[in-house]
Amino acid sequence: MTEFLFLLKHELILGLILVILLIMKIGSKSMTNSSLISLMNGLLFINFVAGWFLNREGVLFGGMFQNSSLLVFEKNVLSLGTWIICLQSSAWMKNHKHLPEFYMLMISTLMGMFFMLSSGNLLMFYIGLELSTIPLAAMCNFDLEKANSSEAAMKMIMSSAFSSGILLFGISLFYGMTGTFSLGGPSYNFDGSPLQVLAFIMIFSGFAFKLSVVPFHLWTADVYEGSPVAVTSYLSVISKGSMVFVFASVMYTAFRGIASVWYDGLVVLSLVTMIVGNLFALRQNNMKRFLAFSSIAQVGYILIGISGSSESGMASSIYFILIYIFSNLGAFGVISLISAHTGRESVDDYKGMYKTNPMLSWVLALSLFSLAGIPPTAGFFGKMFLLTAGAAKGNYFLITIAALNMIISLYYYLRIIRAVFMDKNENSLPSVQGDFGSRLALICCVVGILITGFAGGLYEYILSLSHGL
Amino acid sequence: MTLYLFYFLSFLAVLSALMVVVSKNPVHSVLYLIMTFFAIAGHYVLLNAQFLAAVHVIVYAGAIMVLFLYVIMMLNLNADTEPQKGKWLRVAATVAGGILMVVLVGALRSAADTLPVTAHDNQIGMIKNLGKVLYKDFMLPFEISSILFLVAMVGAVMLGKKEIK
């Protein structure tokens, strides 16, 4: 019984928060938005801190649920990201009418991701995936009065339903071939007969949809643009990060038997993803669309890391996601503050921002440098480890193309920085003052960007957790 | 006997599924879809899954079809409003669909001998056994899906609330 409590700790805490929210919604109407925001920020911080203690490894429900120190680390990373997002979007949330619902949907998606991470079984994985997608579509529609927010939600639910359909077809073929849903165990044989490869390709496309790998990326930019900034950052960081974690571990465990098949597919997809993501990011003029395409390009680099051998591939992609959370949330934090106060989101509006908002400009610049991978920031180390992991397979063509793509990406990140620091603008942004929460979130991001790069032990720590994969 | 029934039901399912796609009138499509669902329910009965067959008919042929019909009637769809796709898109779609079919047929043919055969149990689809499996082996997914329904409901109610000014 106590084993159950310890193993399911992360999920139970989230469930508790969910129940608290439900009871509050039913019980009293006196709670104001700002006190609810502080309460939730506190609860999410407790959730993040509690994630580090009293963890055990083990299996529950006949292999349906598993927990290991690597999974605990991944869950804590996601909790941290969620906390930062809640902190930095308080300016937008303050005036919203349905705040308890927003938190409920957000907590439940996080819970779905945790179950998805811990699943040792395709059925459990699928339900976790749905629990982390369907509420997200409702979250995309949270700017109730804006038409393109509804459009974003519609596109999100349609494309995710379509990808779930393909994924389910793959899962049912998988079940037909192996006679079991579990990804492992004594009777598990996945040896690469044609039908198994077909099932794998379908499951793979389900993943690719959620990761917005290039032939499956068409929904990304529109959904990112239409959603509220808080949801966009949640989608691009937390949702994508959890998918990368699951994807990497599934590739190295369940589909290890056909690694020679998926290696080629992964190489082609990462090439296409990097190139298309970068080329489209060059010509975007809306900040959210721009970050959408830049995040597509980042997924291309992550796929290179995953194509490497299991331990270094796993560790480098987790390390990169950790850095990506800090750098992307830094950029989104600035955009979110400015969008909430002025409602302006295009790159032209950011011209001359340094004159009026010097601190925010520096945070934005640091985050974009980290996303581009310029040496003193953490992003450089993240990309270096990804490429090193990928280079272990000896495919130097792929690495060269990736390096060239990073140069292209430097151009468009620097374009934003030039607009912020150098360009003149008569109609520049007014001086924006964030509240305590958003400042704390930005400080967290800046510290994270600097610390994760220089704390050399961090990568080794993740690598030691990934042993035995 | 069962084999003939199987062939008959499969023929019916494929034919009516084809008619769903081909027929011009959306209401006809929906009616053919009901026929497809009944044929699939027949397959469930052949597999000794009586409970699943009953649920399938009630939920899909009953509830979901009514929803479909309502939506079609409210949108007032007909052949004129149907968006026409370009010629090249049609060719591309045909080629892609054909290739997918060839791949599927090829993969299934090669796998036909290697499929795992499980022991046949003619009580497997009874509601009692189903309940036992659901609450014993699959308890965790069952419970999680209740959370999924709860938050889906929260989202739907939130979105459905009209703002009265």
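**Figure 1. The contact between chain A and chain B in a predicted model.** Chain A brings 33 residues to the contact, and chain B brings 26 residues. The complex carries an ipTM of 0.86 and a pTM of 0.91 from the predictor. For chain B, pLDDT averages 84, and 87% of the residues score at least 70.

**Figure 2. The area buried between chain A and chain B.** The size of an interface is often given as the accessible area lost when the parts come together. Here about 2,700 Å² is buried between the two chains. Carbon and sulfur atoms give 86% of that area. Three residues stand out on the chain A side: A:Phe61, A:Ile127 and A:Leu195. Together they supply 17% of the area that chain A buries against chain B, more than any other three residues.

**Figure 3. Helices on the side of chain A that touches chain B.** Five elements of chain A give two or more residues each: helix H2 (9–27), helix H6 (99–118), helix H7 (122–140), helix H8 (147–178) and helix H9 (194–211). H7(A) gives the largest share, eight residues. By class, this side of chain A has 24 nonpolar residues, six polar and three charged.

Note on methods
Residues are numbered from 1 along each chain as its sequence is written. Chains are lettered from A and ligands numbered from 1 in the order in which they are written. This is a predicted model: local features need pLDDT of at least 70, side-chain atom pairs count only at pLDDT 80 or more; totals for chains, interfaces and linings use all residues. Side-chain values use heavy atoms; hydrogens and water are left out. Contact means heavy atoms within 4.5 Å. Buried area is the accessible area (1.4 Å probe) that two parts lose on being put together, summed over both. Helices (H or I, at least four residues) and strands (E, at least two) are DSSP runs, numbered from the N terminus. Ala, Val, Leu, Ile, Met, Phe, Trp, Tyr, Cys and Pro count as nonpolar, Asp, Glu, Lys and Arg as charged, and the others, Gly among them, as polar. pLDDT is the predictor's confidence in each residue, from 0 to 100.
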